[in-house]
Amino acid sequence: MRVLNYLELEGPLRRSGWATSVNAQRKALADTDVDLLTSPWRGGSLSSAAAHTLVGDGPVVDFDVAHTNAIGPGSVAVAQHARYHGMPLVAHAHITREDFAESFRGSNRVGPYLERYLRWFYSQADLVLCPSEYTKGVLESYPVDAPVRPITNGVDIESLQGYEQFREEYRERYDLEGMVAFAVGNVFERKGLTTFCELAQQTDYEFVWFGTVDDGPQTSETVRRWTRDPPENVTFTGWVEDKRGAFAAGDVFCFPAKVENQGIVVLEAMACGKAVVLRDIPVFREFYTDGEDCLICETDAEFREALDRLAADPDLRERLGENARETAREHSLDRVGEGLRAAYEDVLAGRV
């Protein structure tokens, strides 16, 4: 079975959750009998595809199943090629209108148009994959006219091995002491930026956000305001070269995200045995259990109480962290590979 697993704009997206998910897919599929391609273009680029076209080879490589991971013109071209030639198309829904909101300047205004576009794009697929039952419900509410199947993004536990060795280096680099509440990922309001900073203002703990801070015209005013003049006990590190350093330096993963389709960084923090504090949203309730592998909070007061409990009770931090490791293991790459392979076999056999 020859499968095209395609992420257009792979270079510019390399620091995104999309790229993390796609890298996990490809690593998981490497242990299966799937023959994996990552570019639709013969020779690996549009320029080489054009050259092949001139000599009569055609611009697109041969494959049995197309699996798109983005929604831009390259993905549309792959989708149309698959439909024209009668090949099954799997579309991975890494984006919804809901999780695009409060990300960039103007993203909320674009939302209604994005929803219509996503409904059209995903409806071309024979099968839509998404990370959670929550996201499945969102897509079906648009409605997307295609079967929707949840499959975990998974977590590449191997990529986090040895994170402990970075603790001293990263804590010294950012002058961190005591219990450190931290987040990882691109800095967006959707991921709970305001709550994160207001919690810092209301407590004496160190807060660190490891991840890219945009400063271009696409940056929202909220991000610009908090990152240009953060509270005294908040550090925005910008991009870090090794994510293991972030998970080593922090003690409590504080992630008050407003909307997530799953939240790969949560699984990564859990895989590192960190105590995790999350906002009470449906997707986190779907995967995690309050008081067992995390603490789930609804109000600012509950977030403060959770941090105080974890600061005062190292045994609680350790217990939550150990249970979190077990939760992360349930999202192994083996499970991802099995789910993808089954999806490809089902669309080939017309069983969706």
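This is a predicted model: local features need pLDDT of at least 70, side-chain atom pairs count only at pLDDT 80 or more; totals for chains, interfaces and linings use all residues.
1. Lys-258 pairs with Glu-102 in a salt bridge whose closest N and O atoms are 3.1 Å apart. Because Lys-258 sits in the loop between strand E10 (252-255) and helix H11 (264-271), while Glu-102 sits in the loop between helix H4 (97-100) and H5, the pair ties together parts that are 156 residues apart in sequence. Glu-102, at 32% relative accessibility, also counts as partly exposed.

2. Lys-191 and Glu-260 form another salt bridge, with 3.2 Å between the closest N and O atoms. Lys-191 belongs to the loop between strand E7 (180-184) and H8, and Glu-260 to the loop between E10 and H11, so this pair ties together parts that are 69 residues apart in sequence. Lys-191 counts as buried at 12% relative accessibility, and Glu-260 counts as buried at 7%.

3. Within helix H7 (residues 167-173), Glu-169 and Arg-173 lie 4 residues apart, about one turn of the helix, and they form a salt bridge in which the closest N and O atoms are 2.9 Å apart. Glu-169 is partly exposed, with a relative accessible area of 38%, and Arg-173, at 37% relative accessibility, counts as partly exposed too. The structure holds 25 salt bridges, and a network of them links Lys-27, Asp-156 and Glu-158.

4. The axes of H8 and H9 come within 10 Å and cross at roughly 30°, which means that H8 is roughly parallel to H9; the crossing is left-handed. On the H8 side the contact is made by Leu-193, Thr-194, Cys-197, Glu-198 and Gln-201, and on the H9 side by Thr-222, Val-223 and Trp-226. By class, this contact has 4 nonpolar, 3 polar and 1 charged residues. The buried residues in H9 include Val-223 and Trp-226, and the buried residues of this helix pack against helix H8 (193-202) and strand E9 (234-238).

5. Helix H3 (residues 73-84) and helix H5 (residues 107-123) have axes that come within 10 Å and cross at roughly 35°. Here Ser-75, Val-76 and Ala-79 in H3 meet Tyr-117, Trp-120 and Phe-121 in H5, a contact with 5 nonpolar, 1 polar and no charged residues.

6. Thr-212, placed in the loop between strand E8 (206-210) and helix H9 (221-228), is buried, with a relative accessible area of 17%. Leaving aside neighbours within four places in sequence, Thr-212 is in contact with Arg-15, Gly-185, Asn-186, Val-187, Gly-238 and Trp-239.

Notes
Residues are numbered from 1 along each chain as its sequence is written. Side-chain values use heavy atoms; hydrogens and water are left out. Axes are lines fitted to C-alpha atoms, for helices over the stretch in contact, and angles run from 0 to 180 degrees between N-to-C directions. Helices (H or I, at least four residues) and strands (E, at least two) are DSSP runs, numbered from the N terminus. Contact means heavy atoms within 4.5 Å. Ala, Val, Leu, Ile, Met, Phe, Trp, Tyr, Cys and Pro count as nonpolar, Asp, Glu, Lys and Arg as charged, and the others, Gly among them, as polar. Buried means under 20% relative accessible area, exposed over 50%, partly exposed in between (1.4 Å probe, protein chains only). Angles under 35 degrees count as roughly parallel, over 145 as roughly antiparallel, 65 to 115 as roughly perpendicular and the rest as oblique. A crossing is left-handed if the near helix is turned anticlockwise from the far one by less than a right angle, and right-handed if clockwise. A salt bridge is a side-chain nitrogen of Lys or Arg within 4 Å of a carboxyl oxygen of Asp or Glu.
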